[in-house]
Amino acid sequence: MINCKNCENQFEGHFCNQCGQKANVQRINFSYLVNEFSKGIFQIERGLFFTIKELFVRPGHSIRAFLAGKRKPYFKPIAFVFLLSTVYALTNHFIGKNTYMEDFVSGMSEGVSDTNDIPNIAKVLNWMASYHAYTTLLLLPIFSLASYMSFDKSKDNYFEHLILNAYIIGQQALIYAVFSTLLYKLDDDHFLIGLPFLLAVFFNFWTFFQFFTDKKPRTKIFLTFLTYFFYLALLLVSLAIIGGVGKLFE
Ligand SMILES: [Zn+2]
């Protein structure tokens, strides 16, 4: 029997069966530091690249497997969307282009400031544009509510939809990052400029198509369109609420 140095549980084997700590805890020294650092980086990298690869090869099946309990090899979903949105925002910062979020937002806020009576929405939209990575995280619950409303609620709960969409939005950010780097020399009216957006939407359809296994193909495609419809409706309602609340404080 081994006495666990973390929780004092008595156990046999390489790991404590109560708290999971290793049986053999080495004294902290230089080689511990080097080991911890390189192992830490290597594990993060392995999880990240495995997840990205799986999401490009079999996106719906791999997210389904994650939900069913195959968790260990995957990069954690919320960290995944946060990391890749940050990568995308930084990429665009360095190549000096607007993100899709910024283009969307500046288009919307121009439209809003024309009507001139709801200036708070424009402020909110501009704030959203400057914090792209965080905004993606804020929009994730709204997009997930839309997909939850569209698909069979008895099969996957709201939080499972959150995980599904976190992986999708993270992978879309990667698609945007790669393509905006490849295409950054093109003029804004070049026909390839919309390609990353189309690929991102296609990726979403493909993932939902694989993920929701128990429906007819055309039902799945219809429900994915319905998700986008609910998403836009929910966005407009949220903006109206934000604008209304903003007015109260004027
Ligand atoms: Zn223990």
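A residue counts as buried if 20 or more other C-beta atoms lie within 10 Å of its own, as exposed if 12 or fewer do, and as partly exposed in between. This cut-off is used below for a predicted model.

By that rule, buried residues make up 25% of the 250 residues in the protein. The secondary structure consists of nine helices and two strands. Along the sequence the order is β-β-α-α-α-α-α-α-α-α-α. Among contacts between residues at least 6 apart in sequence, 59% join residues at least 24 apart.

The next part concerns the largest nonpolar core, which has 29 residues. Within this core, Val81, Ala166, Tyr167 and Ala173 touch the most other members. At least two residues each are supplied by helix 2, helix 3 (77-95), helix 6 (132-150), helix 7 and helix 8. Helix 7 gives the most to this core, with eleven residues.

Neighbours within four places in sequence aside, Val81 is in contact with Thr136, Leu137, Leu140, Ala166, Ile169 and Gly170.

Val87 belongs to helix 3. Is Val87 buried, exposed or partly exposed? Val87 has 17 other C-beta atoms within 10 Å, so this residue is partly exposed. Apart from neighbours within four places in sequence, the contacts of Val87 are with Ala173 and Ala177. Ala173 is also one of the core residues that touch the most other members. Another pairing involves Gly170, a residue that is in contact with Val81. The C-alpha atoms of Val87 and Gly170 are separated by 9.9 Å, while the two residues are 83 residues apart along the chain.

Helix 2 covers residues 59-68, and its buried residues are Pro59, Gly60, Ser62, Ile63 and Phe66. Why do these residues lie on the same side of helix 2? They cover an arc of only 170° around the axis, and therefore they share one side of the helix. What covers these buried residues includes helix 1 (30-57), helix 7 (158-182) and helix 8 (195-211). After helix 2 comes Gly69, with a positive phi near 130°.

Note on methods:
Residues numbered from 1 in each chain as written. Predicted model: local features only at pLDDT ≥ 70, side-chain atom pairs only at ≥ 80, totals over all residues. Helix = DSSP H or I, 4+ residues; strand = E, 2+ residues; numbered from the N terminus. Arc of directions from axis to C-beta. Contact = placed C-beta atoms within 7 Å. Core = buried A, V, L, I, M, F, W, Y, C linked by C-beta atoms within 7 Å.
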